[in-house]
Amino acid sequence: MSQDPSPNRLEAAAGGKGVDAVIHERVLNAEPCIEIQKFSLWYGKKQALHEITMPVPRGQVTALVGPSGCGKTTLLRSVNRMTDFMDGLTLRGSILFEGSSIYEPKVDPVELRRRIGMVFQDPNPFPMSVFENVVYPLKVAGIQKRSTLNKVCEQSLRRAALWDEVRDRLTESGLKLSGGQQQRLCIARAIATKPSLLLFDEPCSALDPLATRKIEDLVGELRGKYTILIVTHNMQQAARISDNTGFIYLGRLIEYGPTSQIFTKPFLPETEDYVTGRFG
Amino acid sequence: MNTKVTSMRDDARIWMVGGFLALCLGMMLVTVLFIVWRGASAFWPRSIDVIILGQADDSPRLLVGNKLSQDERSVRIQTSDPGFGTSGSQSVDLAQWNESMRVRSDWIQRVETRQSGALFGVPLYITTLNQSDAKDVSTVVRKVFVETAHRCRVILDRDLQSTTGNQLELIADTLTDCTRPSIRRERVGSKGDMGEFLRGTEQFQDNAASRRHSLAKADEQIANCLEDLLPGFAKEWLLLAQEQGNATGCLGAIDEAFKVACGLHSWSDEELETLRQQFTNYQDELEKELIAREARLEKLNKRWIQTASDAAFAKEMQQACLQSVSQRHLFELELSWAESLLSAQKLEFAGTTGSEALDLPVGAIARLNAIQRETQLSSEETDLVRSLWGQDYLGGIEARISSEQITAGVQLLRLDSERKSQVAMLVSGRGELVFPLRMESVPLSDVEAILAVNRMSVWEMVQVYAGRWAEFLTAAPRAANTAGGIFPAILGTVVLTLIMTLAVIPLGVVAALYLREYITASPLVSLVRISIHNLAGVPSIVYGVFGVAFFCYTLGAFLDGGPANAGIQVLPSPVWFVGLGIVASCSCVAFFCSLRIGLGQAGTWLWLSRLALLLWTLSLAGFCFLLLKSPFFEGFYRDALPIPTFGKGGILWASLTLALLTLPIVIVSTEEALAMVPDSLRVGSFACGASKWQTIWNIVLPYARSGIVTGGLLAAARAVGQVAPLMLLGALPAVVDLPLDSQFPFLHPSRSFMHLGNQVYSLSQRSSDTEATQPMVFASILLLVLAVASLHLTANLVRARFRARFAQY
Ligand SMILES: Nc1ncnc2c1ncn2[C@@H]1O[C@H](COP(=O)(O)OP(=O)(O)OP(=O)(O)O)[C@@H](O)[C@H]1O
Ligand SMILES: [Mg+2]
């Protein structure tokens, strides 16, 4: 655990200065799935991420919290190189996935994304049948065998706790499902290729408490099998489902450590203010 | 208060704008209604009229036909014109037009022929080729000989020597050609004896001549006497006396005429009755007139004795005198009517020698004109007399047309399925204005239909109407585009539009994909986009000129006979091989650049892809250049030269030109559709590990499908209505070989074609007889409007369904 004498990191960040993150030792010592190293990102001239260094432990659920616009989505998207599709981006630093840097020229981003599942803030099923939605990642990866597709479809839907609801509606359009079902469909799609890393970007923001509950349960079930990086605005949710929590502010990582510590006795008072809702 | 004034002014503006809008919409609605009405009514069978026209110094005219249209100055009538191979139309001065002179006769029929348009008239003779008779050759020879000799005798008796030679030739022909089946000619309805008829005619003419001689003598006597006697009374008295004599003479003449007429034929009882009735009527009238006149003469005698020098009475007498002069001329007219009745009979026999005009009544007309000049008959009176006379003439014809004749044509069409017969018809023609009616022989093989329009029930008319529409949609044009169908034009339009759509959609979609999905926004891209939008506004004829210059004269000529034929300088072969090497290496480099793109980093990706694109473009251009300048290519259709195969307008070049013309429409609407694809779908697909092309193919294109289809439909709608470029690119008013047929390879891309829009233009502007083509034009317009409207409607439906289906995003 590194110590920092700076009185208030939030003010420093607001002043445009660099901030040293407080990273608890427990997360530093765990075996990492992703290692983000001094990663900075600019949208044109506007810097969105400031030298973020953050290891994500394998097989655990890591939550990212922070006020709106602080760069959580940007960080998440950098991990599976969705940044490729934006213009005028500048990157510095590196991100290691399973020990190899993903921004190396020899890395095929398409291949990379097949190993990383992603679920977005708003459910975005494709305008095709439920079945086609789930097996889409397999099909684009070149798997055409019907029996494999059927098996994977059922497995993924079961794992996403959607099977019982849609087993009779596999040929119906994915758009006809409810919002919560759609989101779980997207999760099923994301886990269809059995990726080792799952990225969730506020998966419950558009859902009612019941659907939220289902997805939280799902994340709980997926823990251990997958490494999960989840963005959320809901502190209770982060406390409930995550093993580790990182607090990001204005593109800077402020404090990062085990959830139990961050929510009960964080190192920094700023973090405590934020997680208890006194600020933000 | 101020605001109140402003709002009132605004109100006025709004009302004005609204009014203009309503006006414009109203005009459009009227246009559409007009098109629909004219198009839908184009094929409704129109009734046939006989129009009797008076004309001051000319013979009166009888026109048979349909009234087409009427304006302030003239009335147009469609008449038949068997002489010229097309239907004719006639303009009649409105001054001569009189609705009461329009007679709708039941017996007149419309005969639609394949070659020469429509004829109006009634079938008189039917000539059949009897196959069974041909078995016994000797019988045939004898029959033919006897028949020909009989005919020859008739002609020798009656007509000039000059025809004798021809007739003898005919005999010789028939004798040498013994195996020919016999030809039987029958008058429909009644049989006639030629010799008797002619004797009767001569007798009648002799009588008439002697009558006229005595009339002239009487005139002379009167003239002599008049010099001696007092003017006025004496003159009047003499005239009356003379009239009496004339009238009695006429009575005799008519009596004679009747006898002659009776002897002519074995008339049917009905016909005989009609004839007798007619003659009795004449006699009755004349007798009445005579009695009245006798009474007047007696009165006149008395008064003459009483007041020999009464001036007022003298004036009265003078008037009576004048009246009686005109009366006398009317008598003469009647006399000539009796003559013309007989000559109408003669006409039937004249028919055996083809179309021979009946010119006897012309004498009567001349006399009528003379009467008008000599006497104070006003022009209206003359017209009246003329029209009455014309109606009488018609009535005479009608009275002698049997019901068999009326139905004969239709029956014949049913019976003679091989169409070997000939019908001789009493028809009207345009060449010599339709008076008198004349004979025309029509081979049945040329007859499409015989319609007794004036006798049809509504149900029959509906059948004819439906039949004509069916023909219009499925048959080829005939009779110089005035009848038949426009199936080749429909086919041409459909094939043209299909090829055009097949060409334009891939091209437009790829262009739109590139603009929307691949390149990033920059001023250059905006410029390209603006240029595409502006291309949509370039006049279509410019595209036509481009198509001719590029496709026909360059590409087509190149395909036909190589670079030399297209006027392209070829490269010397060493230079050409060097060029080939350069192009090959250029494309190799481009290929490896493209391979690297998939592995490239975000930063290097951009310039590498740009380099690859540039190299690809360069090598493609270089390849085309080398191909055009190749010294080894001799063309595919060298043998056919100098007749061009692809080096002229054809359906392929026309389609491709239209594809260029409609490209902006497809690009714009595809771009719109692509813009409507939510980014979340693209991002989701990428996150699933799909490549750019997989995302486009699996997600973006299916989603934008309806938009693309809409674009294609709109493009087709635009293309269907284009005429100007097609006129330069091989659209013709009539073609023999269709661009799509059952001959291998079925689709013939280099052939000329017919097109609906071009058909409308050429039929309405380029036809020799625009009146006759009018129904076809309006029906074509209706079809065209329907096609465009249904394409637009489908496009809108597709768009609406698309909106409803993806409303969720
Ligand atoms: N495509 C882009 N171009 C330019 N700036 C962007 C772009 N996307 C995000 N930003 C900016 O980058 C910063 C971080 O955005 P980001 O979406 O990562 O925030 P976030 O933490 O996910 O916020 P939220 O909680 O509201 O989702 C914001 O200030 C945003 O305005
Ligand atoms: Mg976000």
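Two strands pair if DSSP finds at least two bridges between them. Helices (H or I, at least four residues) and strands (E, at least two) are DSSP runs, numbered from the N terminus. In S5(A), Arg92(A) is the bridge partner of Ser40(A).

The model is predicted: local features need pLDDT of at least 70, side-chain atom pairs count only at pLDDT 80 or more, and totals for chains, interfaces and linings use all residues. Residues are numbered from 1 along each chain as its sequence is written, chains are lettered from A and ligands numbered from 1 in the order in which they are written, and side-chain values use heavy atoms, with hydrogens and water left out.

**View 1. The four-stranded open sheet of chain A.** The strand order is S3-S2-S5-S6 (chain A), and the pairing is antiparallel. S3 and strand S6 (100-101) of chain A are the edge strands, each pairing on one side only. Eight bridges tie S2(A) to strand S5 (residues 89-97) of chain A. S5(A) and S6(A) run antiparallel and share two bridges. Within that pairing, Phe97(A) has Ser100(A) in S6(A) as its bridge partner. Strands of a sheet pair through backbone hydrogen bonds, either parallel or antiparallel.

**View 2. The hairpin of S2(A) and S3(A).** Strand S2 (residues 32-43) and strand S3 (residues 46-57) of chain A are antiparallel, with eight bridges. Two residues lie between the strands. Gly44(A) takes a positive phi near 65° in this hairpin. Two facing pairs can be picked out. Ile36(A) stands opposite Met54(A) in S3(A). Leu41(A) stands opposite Leu49(A), also in S3(A).

**View 3. A salt bridge between Glu31(A) and Arg58(A).** A salt bridge is a side-chain nitrogen of Lys or Arg within 4 Å of a carboxyl oxygen of Asp or Glu. In the pair of Glu31(A) and Arg58(A), the closest N and O atoms are 3.1 Å apart. The two residues are 27 residues apart and link distant parts of the chain. Glu31(A) sits in the loop between helix H2 (25-29) and S2 of chain A. Arg58(A) sits in the loop between S3 and strand S4 (61-65) of chain A. Over all chains, the count comes to 18 salt bridges.

**View 4. The seven-stranded open sheet of chain A.** The order is S1-S11-S10-S4-S9-S8-S7 (chain A), with mixed pairing. Strand S1 (22-23) and S7 of chain A stand at the edges with a single partner strand each, so one side of each is left without a neighbour in the sheet. Strand S10 (residues 244-249) and strand S11 (residues 252-258) of chain A run antiparallel, joined by six bridges. Ile248(A) has Leu253(A) in S11(A) as its bridge partner.

**View 5. The interface of chain A and chain B.** Contact (heavy atoms within 4.5 Å) takes in 30 residues from chain A and 25 residues from chain B. Buried area is the accessible area (1.4 Å probe) that two parts lose on being put together, summed over both. Here it is about 2,200 Å², with carbon and sulfur atoms giving 61%. In chain A, Pro127(A), Tyr136(A) and Leu175(A) lose the most area to chain B, together 22% of what that side buries.

**View 6. Polar links and composition at the interface.** A polar contact is a pair of N or O atoms within 3.5 Å; within protein, one must be able to donate a hydrogen and the other to accept it, and residues adjacent in sequence count only if both atoms are side-chain atoms. Four residue pairs (both at pLDDT 80 or more) are in polar contact across the interface of chain A and chain B. The count of salt bridges between the two chains is zero. On the side of chain A that touches chain B, helix H4 (109-114), strand S7 (116-119), helix H5 (130-140) and helix H8 (179-190) of chain A give two or more residues. H4(A) gives the largest share, four residues. By class, this side has 18 nonpolar, three polar and nine charged residues. Nonpolar means Ala, Val, Leu, Ile, Met, Phe, Trp, Tyr, Cys and Pro; charged means Asp, Glu, Lys and Arg; the others, Gly among them, count as polar.
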